[in-house]
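Please look over the sequence and the structure before reading on.

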Amino acid sequence: SEQAGNFRNQWVFIKAKDAPPLPVGQIYQYELIGFKVIDENDDPLGELVEILETGANYVYVVKNETGKEILLPAIPSVILNLDPARRLIRVHLLEGL
């Protein structure tokens, strides 16, 4: 409809409770905030505090207890596993991070 066209390329916000349910095993990006992040060796890297949208892909901002931030591109070679039940993300750190 023409009314919907007025919102093209605009952010449209809804309440989380109004978001349509996703298929089992899928999760909205915003729901990942607060997840603990660990590497392949189960070493803690910190907590997901922010998700940046860069255009090409999302970037996860992970902050540890000392306040140091790590930026992780949300791509399959980096994000190995999401475990919503345990609120845990397992990642592979690329060289140089």
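## Contacts of isoleucine 70

Apart from its neighbours within four places in sequence, isoleucine 70 is in contact with Leu45, Tyr60, Val61 and Val62. In this predicted model, isoleucine 70 belongs to strand E4, which covers residues 69–73. Its relative accessibility is 15%, and isoleucine 70 counts as buried because the limit is under 20%.

Leucine 45 is 25 residues away from isoleucine 70 in sequence, while their C-alpha atoms are 8.3 Å apart in space.

## The chain as a whole

The protein chain has 1 helix and 6 strands. Read from the N terminus, the elements follow the order α-β-β-β-β-β-β. Of the 97 residues, 22% are buried.

Among the contacts with a separation of 6 or more, 30% join residues 24 or more positions apart. The chain exposes about 7,300 Å², and carbon and sulfur atoms supply 53% of that area.

## The sheet

The 6 strands make an open sheet with mixed pairing, in the order E4-E3-E2-E1-E6-E5. E4 and strand E5 (79–83) are at the edges with a single partner strand each, so one side of each has no neighbour in the sheet. From one strand to the next, the twist averages 35°.

Strands of a sheet pair through backbone hydrogen bonds, in either a parallel or an antiparallel sense. E5 pairs with strand E6 (residues 88–91) in the antiparallel sense over 4 bridges. Aspartate 83 has leucine 88 in E6 as its bridge partner.

## Salt bridges

Side chains of opposite charge can pair when their charged atoms come close. The whole structure holds 4 salt bridges. One of them joins arginine 90 and aspartate 42, with 2.3 Å between the closest N and O atoms. Arginine 90 is in strand E6, and aspartate 42 is in the loop between strand E1 (36–39) and strand E2 (44–53), so this pair ties together parts 48 residues apart in sequence. Both are partly exposed: arginine 90 has a relative accessible area of 23%, and aspartate 42 has a relative accessibility of 46%.

Another salt bridge links the side chains of glutamate 69 and lysine 63, at 3.7 Å from N to O. Glutamate 69 is partly exposed at 44%, as is lysine 63 at 34%. Aspartate 83 also forms a salt bridge, with the side chain of arginine 86 at 3.5 Å from N to O. Arginine 86 has a relative accessible area of 57% and is exposed.

Definitions and conventions:
Residues are numbered from 1 along each chain as its sequence is written. This is a predicted model: local features need pLDDT of at least 70, side-chain atom pairs count only at pLDDT 80 or more; totals for chains, interfaces and linings use all residues. Side-chain values use heavy atoms; hydrogens and water are left out. Helices (H or I, at least four residues) and strands (E, at least two) are DSSP runs, numbered from the N terminus. Buried means under 20% relative accessible area, exposed over 50%, partly exposed in between (1.4 Å probe, protein chains only). Contact means heavy atoms within 4.5 Å. Accessible areas come from the Shrake-Rupley method with a 1.4 Å probe; for residues, only the protein chains shown count as cover. Two strands pair if DSSP finds at least two bridges between them. Axes are lines fitted to C-alpha atoms, for helices over the stretch in contact, and angles run from 0 to 180 degrees between N-to-C directions.
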